[in-house]
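Here are my notes on the model you sent. Please read them with the structure open.

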Amino acid sequence: MNAQSPQGFSYQGVARDTAGNILTSQPIGLKISILSGSTSGPVEYSETHTATSDPYGVFELTIGNGTVVSGTFSGINWGSTIHFQKVEMDASGGTNYVFMGTSQLMSVPYALFA
């Protein structure tokens, strides 16, 4: 039996305003980009999401299931180089995104098993 890996991966964060205060129970806008090679590398894929934080400011989404801005999730060449995820957020739920950070994507259990 052959199983296919899901076309997406989970992302969870805590929404905060520019002063570091937790944004509780409110809609937020997010833009997620997958960068190739470095934290300033070219964008291979980009998507947007609207999420709502919980009473603790926590939000969850699946990268790969958002509204596509550029590229295709299935077209990302994961084996070509290292990849990074860039996160941008609009604390008011819109599309006026502010850069929040970039981090390297690491192996997940599916990849380690394969």
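1. How many bridges pair strand 2 and strand 3, and in which sense? They pair over 9 bridges, in the antiparallel sense. Strands here are DSSP runs (E, at least two residues), numbered from the N terminus. Two strands pair if DSSP finds at least two bridges between them.

2. A word on the basis. This is a predicted model: local features need pLDDT of at least 70, and side-chain atom pairs count only at pLDDT 80 or more, while totals for chains, interfaces and linings use all residues. Residues are numbered from 1 along each chain as its sequence is written, and side-chain values use heavy atoms, with hydrogens and water left out.

3. The open sheet has 5 strands in the order 5-3-2-6-7, with antiparallel pairing. Its edges are strand 5 (67-70) and strand 7 (98-104), and each pairs on one side only. From one strand to the next, the twist averages 25°. The angles run from 0 to 180 degrees between N-to-C directions, with axes fitted to C-alpha atoms.

4. Strand 1 (residues 9-14) and strand 4 run antiparallel and are joined by 6 bridges. Here F9 stands opposite I63 of strand 4. I63 also has contacts beyond four places in sequence (heavy atoms within 4.5 Å), among them I32, I34, F73 and Q85.

5. Strand 4 (residues 58-63) has two faces. F59, L61 and I63 form the covered one; V58, E60 and T62 form the uncovered one. In a regular strand the side chains alternate between the two faces of the sheet.

6. The largest nonpolar core holds 16 residues, and I28, L30, F59 and I63 touch the most other members. Strand 2, strand 3 (43-52), strand 4 and strand 6 (83-90) each give two or more residues to this core. Strand 2 supplies the largest share, 4 residues. A nonpolar core is a set of buried Ala, Val, Leu, Ile, Met, Phe, Trp, Tyr and Cys residues joined through side-chain atoms within 4.5 Å.

7. Look also at S33, in strand 2 (residues 27-36). Is S33 buried or exposed? S33 is buried, because its relative accessible area is 3% (buried means under 20%, exposed over 50%, partly exposed in between, with a 1.4 Å probe and protein chains only). Its side chain makes a polar contact of 3.1 Å with that of S46. Such a contact is a pair of N or O atoms within 3.5 Å; within protein, one must be able to donate a hydrogen and the other to accept it, and residues adjacent in sequence count only if both atoms are side-chain atoms. Beyond four places in sequence, S33 is in contact with residues including V43, Y45, F84 and E88.
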